[in-house]
Amino acid sequence: MANRTHHPSVFLVVITILLSIYQSEQRQSQQSLILLRIQQILNFPVESSNWNNNHLDFCKGDSNSSSLTVVCYEGNITQLHIIGDRTSPLAKNFSMDSFVKTLTRLPSLKVLTLASLGLWGSLPDKIARLQSLEIVNVSSNFLYGALPREVSSLSNLQTLILDNNLFSGRLPNWLDSLSTLRVLSLKNNVFNGSLPNSLGSLENLRILSLSHNHFFGLVPDLSQLTNLQVLELDDNAFGPQFPRLGNKLVTLVLRNNSFRTGIPAGLSSYFQLEQFDISSNTFVGPFQPSLLSLPSITYLNISGNRLTGKLFENLSCNTQLEVVDLSSNLLTGSVPKCLISNSSNRTILYARNCLETRNQIQQPAPFCHTEALAVGILPEIKKKHKEKVSKVVISLGIVGGTLAGVALALLTFFLVRRGNSRRRMKNPPTRFISENAASGYTSKLLSEARYISQTKKFGTVGLPSYRSFSLEEIEAATNYFDTASLMSEDSYGKMYRGQLKNDSLVAIRCIKLKKRYSTQNFAHHIELISKLRHRHLVSALGHCFECSLEDSSVSKIFLVFEYIPNGTLRSWISDGDTMKSMSWIQRLGAVTGIAKGVQFLHTGIVPGVYSNNINAEDVLLDQNLVAKICSYNLPLLSNIGKIQHGSSSSGSKNSSMKKSVNYEDKSDIYDLGVILLELILGRAIKLSKDADAFKELLQATIVADEEARRSIIDPAIRKECLDQSLKTMMEICVRCLAKEPAERPSIEDVLWNLQFAAQVQDAWRGDSQSSEGGSPPALSPLQSRRVSFH
């Protein structure tokens, strides 16, 4: 039998196969170790709990779930998706740099999703080593700082999602280097500045979402982006001109910006447009009814602008319309029948126009016909103020709505509850009698609530003495309750803008009673309101009773409040208004003023006023940026429930003592912490879970270095605050936000730390003026009181 010979190539093939298998096993083993290292760095998230099985083959999908997915191609990991549910940053020993360095050991990665994992730190330039990346999603973390330039080298990148982080700075000009980019989503960050013109060169871009940042200025020309389908620019300060766009858009959202031009006629050719939202701007000129009949439109919102034009009943509409909001414009005519037919399946809003309908509240026709009475833009008001103050109309609406929350809303709530307890009686003929209830009851009041020495200094707040107004004065101030003076209306009554004889502006609240009471019934409450006057509270200036001729019972109460002209604290720090900006020292002054207002509410009257639920919307700023709390609680009004003759205050006192035992004074400390958080970060904090998450971020940066602290704060103050001042603010903020009320500092401790932060800042600036509201204590003897982070 002949000897068999084996061709050398056969052995070569066998060896190659065996080597390939060995290399593949080695590669899989190495990738498994990398994934386990990632698990360790992420503090073993629940989503990766099954990775602890040593026999898992990641590339076979053994570990995959809805929140964790690993995808391989030819033995290499190409996709990694980890979606957590963390609402707070990872531990302070976490390093974003080390984490990304570990990821770069997976060079074949094309898709990377790391959402809600508590990642914090700046995005390292090492990310550029993953040259195969096509999709990156790191949304809902705590990443901060600017985008590293090295990202521009990711030539295959098609999707970049950085939503819900703390990224800041301007968008870089090198974005056009990402020529394959199709999705750019940067929603809910703190980016600022104007957009680079290079955005208009991203020809493949389909989705551009920049909502809720601090961008401002003109939107660059995007008309060449022929593939753009979604453009979301809401909650910024873009404007004044309508952007130049392509006509293939499906979603266009420009809500809450600073646009002040007309709607371009070309929009009638946006045949693919489904969602169109330009609400809360100052768009002017004619509304185009053709928008209602666009072939794809389902959502149309133009509310809160100055759009004019006459609507007709026979206008045509797209039958697929689900939501239409035309409210708060200057539209006249009739509501189109196509909108109100089958309205049960739609949301149709058209209030506060001048339409011929009774279904929703409308303005009188002259309101829409007279431009001066349309919507008061602040610069126009300033120009016309000397001509006629009565043209200052709706610009006061922002202030008017918030002023109602001073004691007024509580008084109304009290009166309405009493009025509803009995059936309404037929009103007898009335005449107007002006009665002064602010005098003659002091001894009675002081027998029920004693005031400490601070309340004797009311004259120092710069306000006229509280007094009784005659009805003639109220009528003259409101031009006989002219509709043009009406600022707002709710279930409690109406709020009017008024101008007194001395030319001072006021807000006047009218409360119409459903049941008649004597002036004696209100004496205690009016007197209490008159005494709550402080430099850092929005204060009442007086009142007026409208009484019946027959029995002198009170049918209406008018409360007159001081007018605070400069908007809310939040509008100055987190609304993206480029015309409003507060320096670091101004922010220190504002929050110190708020703390002093809270201190007065707690200690300026016995029993104290607690649980005031204060937020940045409840703080108004005057022309000197002095902060004034405009919404606070009055237990002497809200807890009585009904008016009683000769009522005792013992119930209120006991209630107050119970509040103190239950740490309800510390709820105001928590609210101060949230306001501090907004002042530091420059962004609105509206949910408690957000406050807790950002508290964790502050804790992490307090023990880090100065660069880390500066990287997360509002870019507007990043270069001007001294680190010692910033760190002090962060520390007291974290203490105020403690979960357990007993662990929160006292209001005096908060004030001391705020004044300390202001003093060291002043010393660094070489400014001889002390911080707002008085001189802080000397550093050396009291420095040991300064809070420290543990």
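Select Gly 121 first: this residue sits in strand β4. Keep in mind as you go that the model is predicted. Is Gly 121 buried or exposed? With a relative accessibility of 7%, Gly 121 falls under the 20% cut-off, so it counts as buried. Show its surroundings and you will find that Gly 121 touches Met 96, Phe 142, Leu 143 and Tyr 144, leaving aside residues up to four places away in sequence. Gly 121 and Ala 700 are 579 residues apart along the chain, and their C-alpha atoms are separated by 9.8 Å.

**The sheet around β4**

Widen the view to the strands. β4 belongs to an open sheet of 6 strands, ordered β4-β6-β8-β10-β12-β14, with parallel pairing. Colour β4 (120–122) and β14 (237–238), and you have the edge strands, each of which pairs on one side only. Next, turn to helix α16, which packs on this sheet and touches β4, β6 (142–145) and β8 (166–169). The direction of α16 makes about 55° with that of β6.

Now walk across the sheet, strand by strand. β4 and β6 run parallel and are joined by 3 bridges; look for Trp 120 opposite Phe 142 in β6. From β6 to β8 there are 2 bridges, again in the parallel sense, and here Tyr 144 stands opposite Leu 166 in β8.

Stay on β6 and show its side of the story residue by residue. In a regular strand, side chains alternate between the two faces of the sheet. In β6, Phe 142 and Tyr 144 point one way, while Leu 143 and Gly 145 point the other, and all are buried.

Strand β12 (residues 214–217) and β14 run parallel, joined by 2 bridges. Select Phe 216 and you will see Ala 237 of β14 opposite.

**A second sheet**

Which strands make up the open sheet of 4? Their order is β17-β19-β21-β23, and the pairing is parallel. At the edges stand β17 (284–286) and β23 (354–355); each has a single partner strand, so one side of each is left without a neighbour in the sheet. Select β17 together with strand β19 (residues 306–311): the two pair in the parallel sense over 3 bridges. Pro 286 has Thr 308 in β19 as its bridge partner.

**Helix α15 and its neighbours**

Select residues 665–681 for helix α15 and residues 688–702 for helix α16. Their axes lie 11 Å apart, at an angle of about 65°, and the crossing is left-handed. On the α15 side, show Tyr 670, Val 674, Leu 677, Ile 680 and Leu 681; they meet Ser 688, Ala 691, Asp 692, Phe 694 and Leu 698 in α16. By class, this contact has 8 nonpolar, 1 polar and 1 charged residues.

The contact of α15 with α18 divides into 11 nonpolar, 1 polar and no charged residues.

**Into the cores**

Which residues touch the most other members of the largest nonpolar core? Show Ile 38, Phe 99, Leu 119, Phe 276, Phe 287 and Leu 569 within this set of 158 residues. The largest share of the core, 10 residues, comes from α15. Centre on Leu 569: among its contacts beyond four places away in sequence are Met 582, Ala 590, Ile 594, Ala 616, Ile 675 and Leu 679. A second, separate core has 14 residues, including Leu 463, Leu 471, Cys 510 and Cys 544.

**Last stop: Thr 102**

Finish with Thr 102 in helix α2 (residues 96–103). Its relative accessible area is 8%, under the 20% cut-off, so Thr 102 is buried. Beyond residues up to four places away in sequence, Thr 102 touches Ile 34, Arg 37, Ile 38 and Ile 41. You have already selected one of these: Ile 38 is among the residues that touch the most other members of the largest nonpolar core.

Conventions:
Residues numbered from 1 in each chain as written. Predicted model: local features only at pLDDT ≥ 70, side-chain atom pairs only at ≥ 80, totals over all residues. Heavy atoms only, no water. Axes fitted to C-alpha atoms, helices over the stretch in contact; angles between N-to-C directions. Left-handed = near helix turned anticlockwise from the far one by under 90°. Contact = heavy atoms within 4.5 Å. Nonpolar A, V, L, I, M, F, W, Y, C, P; charged D, E, K, R; others polar. Pairing = 2+ DSSP bridges. Core = buried A, V, L, I, M, F, W, Y, C linked by side-chain atoms within 4.5 Å. Buried < 20%, exposed > 50% of the residue type's maximum accessible area, 1.4 Å probe, protein only.
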